[in-house]
Structure formats: C-alpha cells, structure tokens
Amino acid sequence: MTNSPVITLDTVSFSYDGVPVLEDVSLTVNERDFLSIVGPNAGGKTTLLKLILGLLKPTKGTVRVFGQLPEKVRSQIGYMPQYASLDPLFPVSVLDVVLMGRLGSGKSFGLYRATDLDAADEALKKMELYDVRHAAFSALSGGQRQRVLIARALVSDPDLLLLDEPTANVDAIIETELYELLRQLNDHMTIVLVTHDLGFVSQYVKSVACVSRRVVAHPTSEITGEMINEIYGCDMRMVRHDAIHHEENTDG
Amino acid sequence: MAEFLTDVQTQWFLQCALLTGILASIACGIIGSYVVTRRITYIAGAIAHSVLAGMGAARYCETVYQWTWLHPLHGAVVAALIAAIVIGIISLRATEREDTVIGAVWAIGMAVGILFIHKTPGYNENLMSYLFGNILMVSSDDLWLIAGLDALVVAVSLLFYNQLLAVCFDEEFARVRGVKVEFYYLVLLCLTALTVVLLVAVVGIVMVIALLTLPVAVAGHFARRLWHMMLLSVFFAIFFKTAGLTISYGPNLPTGATTIVLAGALYLAVTFASRFVRLRRS
C-alpha cells in the first residue's frame, strides 16, 4: 500500500440544489500525509470531507479512498464531526459515545463484546479521558468533548482519520496538545483535518488544501507567512467567484 | 382512593386496567426516550392521530360486514404502521418538507376515521373513547394483544439498543460506521407506532403525546445515560398511570385526563425545582 494514494479526487464537482459548492476538484492524498483543509466559511470544506466519506455523492467526477468507493472502505476510516452538530442535552455517557465507534466492526445486535470495551478503554486512556468515562457527555467542557469525539474516531483503529474543525471552541493550550497527539498518530495513519486557522496548524501539517469552491493544494514546506496571507486574501476574493484570482493562486 | 383500593381486590376490570397501564408504561418509557432524544415527538403525534382511521375502518367493517373477529385495535396497529412507514420514507427520500407531510398524515388520518365512524350504524359512543381513551373498558382479549405488542416493542428496542442509540445521537457518524441508518430509523418509527397503539388504549389518541413525552421529560432531569432515562421513564409512567387511575376512580373523573394533568403538574414542578436548584448553585 506504500506510495499508493489514500484519497484520490478526480475532477469532482458537487452542487447542492443546483448551487455549485465545489467545482472541478482534483486532489491526491498519499499515505501518512497530514493534510489540512483550509478556506473561508461556506467555502466547501465540510462538503469535501463528506465526499471523501461517501456521505455525499459527487455530481461529477470520482472519489476513491484506498482505491475504492468510499462506502466500501468506511471501516478503515475514523471520522470526527463538528461537535456543535450534536444535541447538547442528549443523555449519553463518555463511554457510550466512544463505543459507537465500534459499531461497524462488531455484531449487528445485542451487547458490545469484550474486545469492543477493551478498545474503548484504550482510546479513552490515549485521550486522557479514562477517569471521566462514566460522566455525562453533556457535562464535559468543550475541549473534553472534542477529545471524546476523537477517541470515538480512533477506537476502530482506522488507517485514515478525518477531522472536522477539531480545535473549534478549544483554548490554545489544548489546541497544542491536540496537534501534538495528531502528530504522533500521523506516524501510522493518514490524517485530513478541516480548520479555519491555518496560521497555527501549518507547523504540524505536511500539506494544505485551500478550498473555496475550487481546491488548490500545497506542500507545507512551500508555505510562508506571506503566502498564508495571500491564500486568505485570495480566498476572500474567490468567494466572489473570481476565476482569475484562482489562476493567480495556482501560479503562486 | 380508599374505594379504589378495596375495589381493585375484587373487580377484574380494575385489575385489567391496572395491568394495561403497567404494560403500556414499559413500552412507553423505552420508546418515549428514543422519541424525545431523537426529537420526533411531532411524528408520534401524527401517527397517534392517524390511528383513528384504522380504528374507524375496523369498527365499520365489524358492524357492517359482521367481521366479528376484527377489533378496533387491529385497525389501529395497521394504520399506525402505515403512517409510520409513509412518514419515514418521505422524510428519508423525498424532497417534500417533512413537517408538511407530518401535518398531512395527521389530518388525513383523523378525517378518514371520522368518515368511517359517521357511516357506522348504531350509537357512536366509540368516537369519544377512541379520542380520549377509557382504560376501564379494556377487556381480557385486549390485554393479550397489548401484552403481545408490549413484548415485541421491548424485545426489538433492547436488542438494537446500541444501533438505535447511535442513530439517535449522531446519525451521520452511525452511517460512516456502516450502520444501516435508514433501516433503523424505520424500525424506530414502527416501534413508535406500536407504542402509540398501546397508549391509545390507555389515554386515547389526543393525549398519547403527553404520555410518551412527560415521563421522559421528568426522567431527563435525572438521567445521564439513555438506558437510565428509559428505566426512570418506565417508573414515572407506571406511577402516573396508577396514580391517575386511583385518583380518578372515586370521584368518577375521566382517567386519561386525570393521568395527564398529574404528569404535567409533576413535570412543571420538577422543571421549576431544577431551575431553582441551578440558580442556587450558580
């Protein structure tokens, strides 16, 4: 599997009710890459992630993960959604949430197996949540909840980890810890994360994809402080659907 | 209350009513917890009202065609399942607005039921007992049907607890984990439909939503996990129904309405008390 791309998007377009969200996106993510997807709000970052997960179907083009349709390889993918999308009142314990990550790999009815419980304990320990495993999910702080969702994504021992805004609503210290942890995980898994904060993340990730209807990918080594400004400036202009600026950005 | 306590020892119809209340409470607490946390109370309401179509049709066939084996509860089961599947499929697949579909099923179900009842010859005392229920009218035959439905609902909902929990909490993640989200959503709606039928026998169509949600709402103040919520909801549901029956019996009040008023009062009390406690703490 070495050197074979983990994710391949070939001229993918996606529109929602006729409104184009992504246009003509081609993107390759190789094994052990650590890709950050950045871009303005409503620029299509989450849509791109959901296309890779197979939750959305491209209007045009093809998406392949591990060389197959995303639905076929979901058991190898760990996914962390934005936690703001979850019901804050839901009666569920930390352990309950993490165990949901074992669903696909276990039985389709009845109780969880001992191996599932062991895997959950391990993921909880890794995220330093073992002591609060019986607490209500709703009683945790924002940072702890993010870590619970990461533990849930890790508990199935995935080869590819997809995270949507893992550091939203988290203070700087926790953010640093989180990225250190992801860097360790990156030793044996490919990571793709969505963020709106490129400045901070650029010291950890290996490459950056800038999404605003179109996608432009860069290795992080090419990125300088000036370029970040340029990308963001560019993005802001690209929201106005200006194709010329997109061309300029590709040259840069 | 004393009158109830002496009569319940000798009167079979009271024992029957008590047993019906307890059986319905078990399904009600478990499914109610799913319904409240998944926020599909409104769908449960639509299913409840569409049940009138089934009860009306069954009563009509029973009277006009002499199908004596047919019971209004049979019609209720069929109508509730049809309503659940229609709403489920439309909300999953179609581009129609979901709340419009729910409202339509709600109203059409009632309208069809009223047409059937209007055309059924004889004295129509049934409409009132369908709408507002009469737990004291439950017969031994009904009790068997209720027990059967109850066992089915409890068994299925506990067997697929993990899947249903995941689908209610985070549908998208469940889908990524390979859980057949649409299937479990339809299962949940069908279980809701069967529970609604059980509750229609106890409190009638109009007040089903109250019994499905109020015990859960009270339990929600104390529960940290879904199955805690289910256990507590079952307990509160049994408490409300038994207390409703006991209190209403002596002064000859409508049992369903008494039960709901009691449940509503306790819910409000718990809500205010917990707000008060939170304010004191902060």
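In chain B, the crossing of helices H3(B) and H10(B) is right-handed, a crossing being right-handed if the near helix is turned clockwise from the far one by less than a right angle, and left-handed if anticlockwise. The model is predicted: local features need pLDDT of at least 70 and side-chain atom pairs pLDDT 80 or more, while totals for chains, interfaces and linings use all residues. Residues are numbered from 1 along each chain as its sequence is written, and chains are lettered from A and ligands numbered from 1 in the order in which they are written.

H3 (residues 41–64) and H10 (residues 181–203) of chain B pack at about 55°, with axes 9 Å apart; axes are lines fitted to C-alpha atoms over the stretch in contact, and angles run from 0 to 180 degrees between N-to-C directions. H3(B) is therefore oblique to H10(B), as angles under 35 degrees count as roughly parallel, over 145 as roughly antiparallel, 65 to 115 as roughly perpendicular and the rest as oblique. Among the residues making the contact are B:Ile47 and B:Val51 of H3(B) and B:Val196 of H10(B).

Between the chains, 24 residues of chain B are in contact with 21 residues of chain A, contact requiring C-beta atoms, placed from the backbone, within 7 Å. Helices H8 (161–169), H9 (171–176) and H12 (226–249) of chain B each supply at least two residues of the side touching chain A; helices (H or I, at least four residues) and strands (E, at least two) are DSSP runs numbered from the N terminus.

In chain A, strands E1 (residues 7–16) and E2 (residues 19–29) pair in the antiparallel sense over seven bridges, pairing requiring at least two DSSP bridges. A:Leu9 stands opposite A:Leu27 in E2(A).

Conventions:
Two residues are in contact if their C-beta atoms, placed from the backbone, lie within 7 Å.
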